[in-house]
Amino acid sequence: MKALFILTTFLFLLSCEESKEHVAPAIRDRDSVSVMTSYGVNTLISDSGVIKYRIVTEQWDVNQIKQPTRWTFIKGIFLEQFDEKFHVHAYIQADTAWYYDQKKLWELRGRVRIRNVNGMIFNSEELFWDGMTHELYSYKFSRLVTPERTLQGTYFRSDERMTHYVVSNSKGSFVKSDMDGEPVENDTTAKSDTATVEQYVRPAATPRAAINKNAQ
């Protein structure tokens, strides 16, 4: 009888305890939530009512909560740029990309590759494309190949069309006539068989004789 009384008292005390709510933590922070996620994207993008780009990507996330707001292409991107007549002016591809829409700034990472209408090929692990200043730049080792020359250096800056560009701390082969009339920011310093230079470079003009021959 005494044992039954003790058991009853114990059960009564348990029933009087305040119940606790067990809440699991959030799966992810609100800041990481995208307002749109699209898969298998192949779409045209307009700027000021004019179609200027085509984007191809496996995954496209749009986040308006993170600051700055951004588009994320975590699985890579292929981007074509059109001129006013809808001709392909250049293409860009990268392993990962972010577009900060308020800043109009592209950040490309991984195997970044560009080819423009003049046959210039750019390769690097990093590239920024500033839509405000209409410039491209990189602080990583970059390689630039044109029909006339090959350049590689640790700093690169160019206009959007890649017709005027700066390569600093560069190594490569040049035609002397390419440099004539262009400002040189630093003197050339020779080390063994490599030259370290900082130059303002532009593509060499096509010889008049070649133009006349092609016209015939």
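The second largest cavity is lined by Phe122, Ser142, Arg143, Leu144, Leu151, Gln152, Gly153, Tyr155, Phe156 and Val167. Strand 10 (142–145), strand 11 (150–153) and strand 12 (155–159) each give two or more residues to this lining. A cavity is a set of points, on a 1 Å grid over the protein atoms alone, where a 1.4 Å probe fits but cannot get out, and lining residues have an atom within 4 Å of a point. The model is predicted: local features need pLDDT of at least 70, side-chain atom pairs count only at pLDDT 80 or more, and totals for chains, interfaces and linings use all residues. Residues are numbered from 1 along each chain as its sequence is written, and side-chain values use heavy atoms, with hydrogens and water left out.

**Cavities**

- The second largest cavity has a volume of about 40 Å³, where a volume is the space filled by probe spheres set on the points, and grid points are joined across faces, edges and corners.
- Its lining divides into 6 nonpolar, 3 polar and 1 charged residues; Ala, Val, Leu, Ile, Met, Phe, Trp, Tyr, Cys and Pro count as nonpolar, Asp, Glu, Lys and Arg as charged, and the others, Gly among them, as polar.
- The count of cavities of 30 Å³ or more is 2, and the largest cavity has a volume of about 60 Å³.
- Residues lining the largest cavity include Gln81, His89, Trp129, Glu160 and Met162.
- Strand 5 (88–94) and strand 7 (105–116) each supply at least two residues of the lining of the largest cavity, and strand 5 gives the most, with 3 residues.

**Largest pocket**

- About 580 Å³ of space lies in the largest pocket, a pocket being an open set with protein on both sides within 12 Å along at least five of seven lines.
- Of the 22 residues that line the largest pocket, Asp47, Lys52, Tyr53, Trp129 and Glu160 lie nearest its centre.
- Strand 2 gives the most to this lining, with 4 residues.
- By class, the lining of the largest pocket has 10 nonpolar, 5 polar and 7 charged residues.

**Core and aromatic rings**

- The largest nonpolar core has 29 residues, and those touching the most other members are Phe73, Trp106, Leu108, Leu127, Leu144, Phe156 and Met162.
- A nonpolar core is a set of buried Ala, Val, Leu, Ile, Met, Phe, Trp, Tyr and Cys residues joined through side-chain atoms within 4.5 Å.
- Not counting residues up to four places away in sequence, Met162 touches Ile114, Asn116, Met120, Phe122, Leu136, Leu144 and Phe156; contact means heavy atoms within 4.5 Å.
- The structure holds 12 aromatic pairs, in which the ring centres of Phe, Tyr and Trp (its six-membered ring) lie within 6.5 Å.
- Trp60, Trp71, Phe73, Tyr99 and Trp106 are linked into a cluster by ring pairs.

**Tyr100**

- Tyr100 lies in strand 6 (residues 96–100).
- Tyr100 counts as buried because its relative accessibility is 12%; buried means under 20% relative accessible area (1.4 Å probe, protein chains only).
- Beyond its neighbours within four places in sequence, Tyr100 is in contact with Pro68, Thr69, Arg70, Leu105 and Glu107.
- The C-alpha atoms of Tyr100 and Asn63 are separated by 9.8 Å, with the two residues 37 apart along the chain.

**Whole chain**

- The protein chain has 3 helices and 15 strands; helices (H or I, at least four residues) and strands (E, at least two) are DSSP runs, numbered from the N terminus.
- Of the 216 residues in the protein chain, 32% are buried.

Conventions:
Buried means under 20% relative accessible area, exposed over 50%, partly exposed in between (1.4 Å probe, protein chains only). Rings of Phe, Tyr and Trp (its six-membered ring) pair if their centres lie within 6.5 Å; planes under 30 degrees apart count as stacked, over 60 as edge-to-face and the rest as tilted.
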